[in-house]
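These are my notebook entries on a structure that I had not examined before. I set down each item in the order in which I looked it up.

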Amino acid sequence: MKGLYSKLIEIGERPLKSTDIVGGKYFVEGLLGKGSYGFTYLVKDQSNQIFVLKQLRKYKMLMESGRQAFKREANILKSLSHRAFPSFIEQFEENEKQFIVMEYKCGKTFEDLIFQDNISFSETEAFKELYHILLLVKHIHENGYVHRDLRIPNILKDVDDYYIIDFGLTRKLNDQNSIEEETVMHMEKRLFREVATKSDFYALGHFLLFLLYSRYEPVSKKKRSWEEELSISIHAKKVIRKMLQIDEPYKEVQLLLDDVKKWL
Ligand SMILES: Nc1ncnc2c1ncn2[C@@H]1O[C@H](COP(=O)(O)OP(=O)(O)OP(=O)(O)O)[C@@H](O)[C@H]1O
């Protein structure tokens, strides 16, 4: 549990305002999000180029684990250089605040596509989307990382281009979960956060369910399982059951890609 002191700092902290200038050259355009670790802003430099600026929250800055997590995200962005992930621009401290500047990826999150634009996906369309995303996840895993936060707000699409953002929870595959994490996580969270490739497949199993549920029309008020509610093929069910670790999980991304190729 957060201490009272941290809680008070958290409540009292205000994000930067539009019109603020950071790092001597970044003009704050607006707040994109307020996550658990920090504030995320859209900023512009003097040449009107857009970037994403992440600011570590003050109470997280007081904790070694918070500072480490922020540093880790910067290092991961530096090492994962690929057009599908935001490139690292710079990192600095100003007025006792820590910042990371990264490339802005233009696209819509799958959360917005489903819930704002009401786009719906057939089984084939959903698995095709998964295929493209798995190619990017393959790159992450081959570089020795596991993302651990592959949720619909962190995966973007712009026509035929796909992007993965938010590497705040990413770990090296040979890292251990911190004791802090282990003790606070309940079972469901553990499956998302395990430092193993299967946790990314688990998250993508949920991603797939969001896409498949976009076509679902409830026929009764009775709550049923996804296997009962969704009209999908046996092959689709088999793949999702392995992703969700109901059946023996996939050991590596290529095995999952091989199964998903069927829909291409
Ligand atoms: N590099 C980026 N390019 C484009 N949009 C981004 C980028 N990074 C973050 N965003 C957008 O900014 C918003 C806030 O993102 P961020 O990941 O910092 O926090 P969050 O998702 O609100 O919270 P949490 O970190 O707890 O998951 C999201 O809507 C995301 O789509």
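How far apart do the C-alpha centres of domain 1 and domain 2 lie? I found a distance of 26 Å between the two centres. I note at the outset that this is a predicted model.

Entry on the domains. I looked up the domain assignment of the protein chain, which gives domain 1 as 13–103 and domain 2 as 108–263. I then turned to the contact between them, to which domain 1 contributes 12 residues and domain 2 contributes 14 residues. On the side of domain 1 that touches domain 2, I recorded eight nonpolar residues, three polar and one charged.

Entry on the ligand. The ligand is surrounded by 16 residues, of which Leu32, Gly33, Gly35, Thr40 and Pro86 are the closest. Sorted by class, I found eight nonpolar, six polar and two charged residues in this shell.

Entry on the core. I looked up the largest nonpolar core and found that it has 54 residues. Leu77, Leu130, Leu204 and Leu208 have the most contacts inside it. Each of the two domains, 13–103 and 108–263, supplies at least three residues to this core. I then followed leucine 130: with its neighbours within four places in sequence left aside, it is in contact with Leu204, Leu208 and Val260.

Entry on helix α10. Which residues of α10 (residues 234–243) are buried? I listed Ala236, Val239, Ile240, Lys242 and Met243. They cover an arc of only 160° around the axis, and therefore they sit on the same side of α10. The face turned away from that buried side carries the exposed residues Ile234 and Lys238. I also looked up what the buried residues of α10 pack against, and noted α5, α8 (197–213) and α11 (253–260). Just after α10, I recorded a positive phi of about 60° for glutamine 245.

Entry on glutamate 125. I placed glutamate 125 in helix α5, which spans residues 123–142. Is this residue, glutamate 125, buried, exposed or partly exposed? I counted 16 other C-beta atoms within 10 Å, so glutamate 125 is partly exposed.

Entry on positive phi values. I kept in mind that most residues other than glycine have a negative phi. Against that, I looked up threonine 19, where phi is near 95°, a positive value. Threonine 19 is found in the loop between α1 (4–12) and β1 (21–22). It counts as exposed because it has 8 C-beta neighbours inside 10 Å. I then looked up asparagine 118, whose phi is positive and near 50°. Asparagine 118 is found in the loop between α4 (110–115) and α5. With 8 C-beta neighbours inside 10 Å, asparagine 118 counts as exposed.

Definitions and conventions:
Residues numbered from 1 in each chain as written. Predicted model: local features only at pLDDT ≥ 70, side-chain atom pairs only at ≥ 80, totals over all residues. Core = buried A, V, L, I, M, F, W, Y, C linked by C-beta atoms within 7 Å. Buried ≥ 20, exposed ≤ 12 C-beta atoms within 10 Å, placed from the backbone. Domains from an automatic or database assignment. Contact = placed C-beta atoms within 7 Å. Near = placed C-beta within 6 Å. Nonpolar A, V, L, I, M, F, W, Y, C, P; charged D, E, K, R; others polar. Helix = DSSP H or I, 4+ residues; strand = E, 2+ residues; numbered from the N terminus. Arc of directions from axis to C-beta.
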